[in-house]
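Colleague: Could you walk me through this one? I would like to start with the aromatic rings and then move on to the sheets.

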Amino acid sequence: MRILHTSDWHLGRKFAEYDLTESFIRWGDFLVDLARSEKVDAVLVAGDVYDRSVPGVQMIELFEDILSRLLCTAQVVITSGNHDSATRLGFGAQFLREGLYLQTDSRRSGQPLRLCDKAGNLGAIVYGIPYLDPDVERIRLAPDGVPLARSHFAVLTQACNLIQEDILRSTDIPARVPRIAMAHAFVNGSEKAIRSWI
C-alpha cells in the first residue's frame, strides 16, 4: 500500500503583502499529479488545511477542487489542526463520500480507519488524532469524568490510550498490516514513549 503523508497546507495564508493563491493552486496540482504518478492508495493530511478557522470562500473552493481530484486517485484522511476550526472542517463528516475520512473529534481517536489498497486488500489501519487543545480536551477526553491535567502531554496520552485500547481489542488484524497514528500535535520524546508501549 502506498501512502503519501502531508500536513500544514495553510490554504489562505498571506506572506506580508503577497497573495499566495497561485502558489496554493500549483501546490494542489502538484499533489494530485504526484498521487496519480506514484499510484498512491491514500493521502493523509495531518491538520492545518486552512490558515485560519474561518477560511475565505476562494480557499474553500480550492480545497474542494483538490479533494475531488485526489479522490479520483486515492482515499483521503484528514485531521484538523490548531489553525482549522474542527467543527467547521468536520461538519457533515458522516455524509461524505466513500474514500474521504475527516477526523475532527478527539473522542474518536481510538476508532480505526481500515484503508484498502487498489486491489481491495486491507493495507493499513489509520488512527487520526486532531489537534488537542488542553483547555477543551482535558474535559472531553476525561476518563470517568475526572478532568485530565491541563497539558498537551495529558490529552495526547489519553488519545494514545484510546488507540492502544483498540489495538489490544482488535485481534483480527494481520501483523503485516501497519497501524499509523497521525496527529497534529506538540510532541517531545516521542521515540522513547512509542517504544515503551509496543
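Predicted model: local features only at pLDDT ≥ 70, side-chain atom pairs only at ≥ 80, totals over all residues.

Colleague: Ok, how many aromatic pairs does the structure hold?

Modeller: It holds 4 aromatic pairs. In one of them the ring centres of Trp9 and Trp27 are 5.8 Å apart with the planes at 75°, so this pair is edge-to-face.

Colleague: And where do Trp9 and Trp27 lie?

Modeller: Trp9 is in the loop between β1 and β2 (14-15), whereas Trp27 belongs to helix α1 (residues 21-37), so the pair ties together parts that are 18 residues apart in sequence. Helices (H or I, at least four residues) and strands (E, at least two) are DSSP runs numbered from the N terminus.

Colleague: Switching to sheets, what is the order of the open sheet of 4 strands?

Modeller: The order is β1-β4-β5-β6 with parallel pairing, where two strands pair if DSSP finds at least two bridges between them. Its edge strands are β1 (3-6) and β6 (100-103), each pairing on one side only. Between β1 and β4 (residues 42-46) there are 4 bridges, and His5 stands opposite Leu44 in β4.

Colleague: What about the sheet of 3 strands, which ones stand at the edges?

Modeller: That open sheet has the order β7-β8-β9 with mixed pairing. At its edges are β7 (113-116) and β9 (179-183), each with a single partner strand, so one side of each is left without a neighbour in the sheet. β7 runs antiparallel to β8 (residues 122-129), joined by 4 bridges, and the bridge partner of Leu113 in β8 is Val126.

Colleague: Last topic: which residues line the largest cavity?

Modeller: A cavity here is a set of points, on a 1 Å grid over the protein atoms alone, where a 1.4 Å probe fits but cannot get out, and lining residues have an atom within 4 Å of a point. The largest cavity is lined by Tyr131, Leu132, His152, Val155, Leu156, His184, Ala185 and Phe186.

Terms used: Residues numbered from 1 in each chain as written. Heavy atoms only, no water. 1 Å grid on protein atoms, 1.4 Å probe; cavity = no way out; pocket = protein on both sides within 12 Å on 5 of 7 lines; lining within 4 Å. Phe/Tyr/Trp six-rings, centres within 6.5 Å; stacked < 30°, edge-to-face > 60°.
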